[in-house]
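Welcome! Take a moment to turn the model around, and then let us walk through it together.

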Amino acid sequence: MGREEEKFESCLSTISKNPSNFTNRTSDSSLYTASSESQSPDSSFLNLNFTSLKPILTLKPKSESEIKKSILCSKKLGVQVRTLSGGHDYEGLSYLSLSPFIIINLVNLRTITINLTEETAWIQSGATLGELYYKIAKTSKIHAFAAGICPSVGVGGHISGGGLGTIMRKHGLASDNVVDARLMDVNGRILNRRTMGEDVFWALRGGGAASFGVVLSWKVKLARVPEKVTCFISQHPMGASMNKLVHRWQSIGAELDQNLFIRAIIDNSLEGGQRRVKTTFQALFLGGVDRLIPLMNQKFPELGLRAQDCSEMSWIESIMFFNWRTGQPLETMLNRDLRYEDLYYKAKSDFVQKPVPENVFEEVTKRFLEKETPLMILEPLGGKISEISESDSPYPHRRGNLYNIQYMVKWKVNTVEEMNKHVTWMRMLYEYMTPYVSASPRGAYLNYRDLDLGNNTRCNTSFEDAREWGEKYYRGNFKKLGLVKGKIDPTNFFRNEQSIPPLF
């Protein structure tokens, strides 16, 4: 046991009967790489995988009082806190740090309580989306929650960063459906919507809760869905007709009936030793196939959709469908370890406000042919998202945005050379897309976290310095987030490489 660890254990034991119940040794954990000079990556790319310290301790509290003790000891010893819900932060900010830190892993706090009379649910932050969806499906055939499709994502980070999903055009983002929350602040007090005040409550819904404290649980509004929904997949190989379809989709994706969500995935695969790029349209319609076909014939006839290309299913089965797991048992949703097969990746994001010229997709195809596993996911906005004002919550990318892009490139070998090669490719693609996406500021989505946008290198990064990345995520809402931070956490205890600095 190291000296830091001893000090922490000793602090916990002075305020706790049995600290070893909820601590977890991590000295040999393969998840963390101790910093070493010989591995220093391209210095312009802050990659915590190579530079993070190991956590002093990983705590897995079984009660809220244990979280309080962890916060108070961290404060006393000058140690940072990383709160881990599902561990999906794209840059690892929920479990990596350049300063001495502990991890509070919320895995043991994942109770979900559904109230069908109220059509709400209280969800502890350690639960995953899969656990939530499974519980809803076992309780009701006509309820859902508007959030993402990856079952192993933790609700804590997902909701507090916005939460895009397949029914967002009808029901809004996950954060738009939060009606209450329980937050533990820097002093260990537990606050609800009434006691934290509307400004702090506003900040938690899309502003990244890790800047403000530890959200213990969320109360959300459930969405009503039909007993049967319809899904389809339509794949198109690279070439002029694929580019035309994607180009056409751009103009209609955000304008379609709110019940219809069609996303476009551009990726590549090896066929007979040849690399081929393809676009896959993946869709969910909140209704039956009999209503979908006429709608598609009217709005997107170019796709040539037929009834036999569609499948009717329950809403929970549509989540399996979007995960390419049709026919698997629903219990698959409870697997907290579902991850990308490739361990390493770099992601970026964009928002598009006017259709990108057709020739751009031709160039994207060329670039995709250079890489093994590149990916672009284009998700339509509009509908309910556009009806909510930009300042209603910290997530600002609403009216005027047609769709968002998630870019990703993955690789299998964890070396600095491999990382630099793939990250450079990704940055060049992002650079190429500059003229075609939102500008001043160029928008980015917090849940596709990207440290390339800028980061807080010091513990007292000024608010002005943080604006370079903050306004990309939050636009005009960044200032209000800073003022809320100044009120709830004036000493900037809850901080990371992209946390909100306090403004007074």
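The paragraphs below go from an annotated region to a sheet, the cores and a few individual residues.

This is a predicted model, in which local features need pLDDT of at least 70 and side-chain atom pairs count only at pLDDT 80 or more, while totals for chains, interfaces and linings use all residues. Residues are numbered from 1 along each chain as its sequence is written, and side-chain values use heavy atoms, with hydrogens and water left out.

Let us begin with the record. An unreviewed UniProt entry carries the annotation "domain: FAD-binding PCMH-type" for residues 51–225; UniProt positions are given in the numbering used here, feature names are shortened, and annotations may be inferred rather than shown by experiment. Between the end C-alpha atoms of residues 51–225 there are 46 Å, and the span is 27% helix and 24% strand. Helices (H or I, at least four residues) and strands (E, at least two) are DSSP runs, numbered from the N terminus.

Now look for aspartate 185, in the loop that links strand 8 (178–184) to strand 9 (190–191). Is aspartate 185 buried or exposed? With 0% relative accessibility, it counts as buried; buried means under 20% relative accessible area, exposed over 50%, and partly exposed in between (1.4 Å probe, protein chains only). Its side chain makes a polar contact of 2.7 Å with the side chain of arginine 189 and reaches the backbone nitrogen of asparagine 187 at 2.9 Å. A polar contact is a pair of N or O atoms within 3.5 Å; within protein, one must be able to donate a hydrogen and the other to accept it, and residues adjacent in sequence count only if both atoms are side-chain atoms. Setting aside residues up to four places away in sequence, aspartate 185 touches Ile71, Leu191, Ile488 and Phe494, where contact means heavy atoms within 4.5 Å.

Seven strands form an open sheet in the order 15-12-14-13-17-18-16, with antiparallel pairing; two strands pair if DSSP finds at least two bridges between them. Strand 15 (310–313) and strand 16 (344–352) are at the edges and have a single partner strand each, so one side of each is left without a neighbour in the sheet. Strand 15 pairs with strand 12 (residues 229–237) over four bridges in the antiparallel sense, and serine 311 in strand 15 is the bridge partner of cysteine 231.

What about the interior? The largest nonpolar core has 129 residues, and Tyr133, Phe145 and Ile262 have the most contacts inside it. A nonpolar core is a set of buried Ala, Val, Leu, Ile, Met, Phe, Trp, Tyr and Cys residues joined through side-chain atoms within 4.5 Å. Helix 14 (residues 416–432) gives the most to this core, with eight residues. A second, separate core of 21 residues includes Ile56, Ile67, Val81 and Leu109.

Finally, follow the chain into the loop between helix 14 and helix 15 (463–474), where proline 441 is found. Which form does the peptide bond from serine 440 to proline 441 take? This bond is cis, with omega near -5°. Serine 440 has phi near 50°, a positive value in a residue other than glycine, and counts as exposed at 73% relative accessibility. Asparagine 492, in the segment after helix 16 (478–488), also has a positive phi, near 60°, and counts as buried at 9% relative accessibility.
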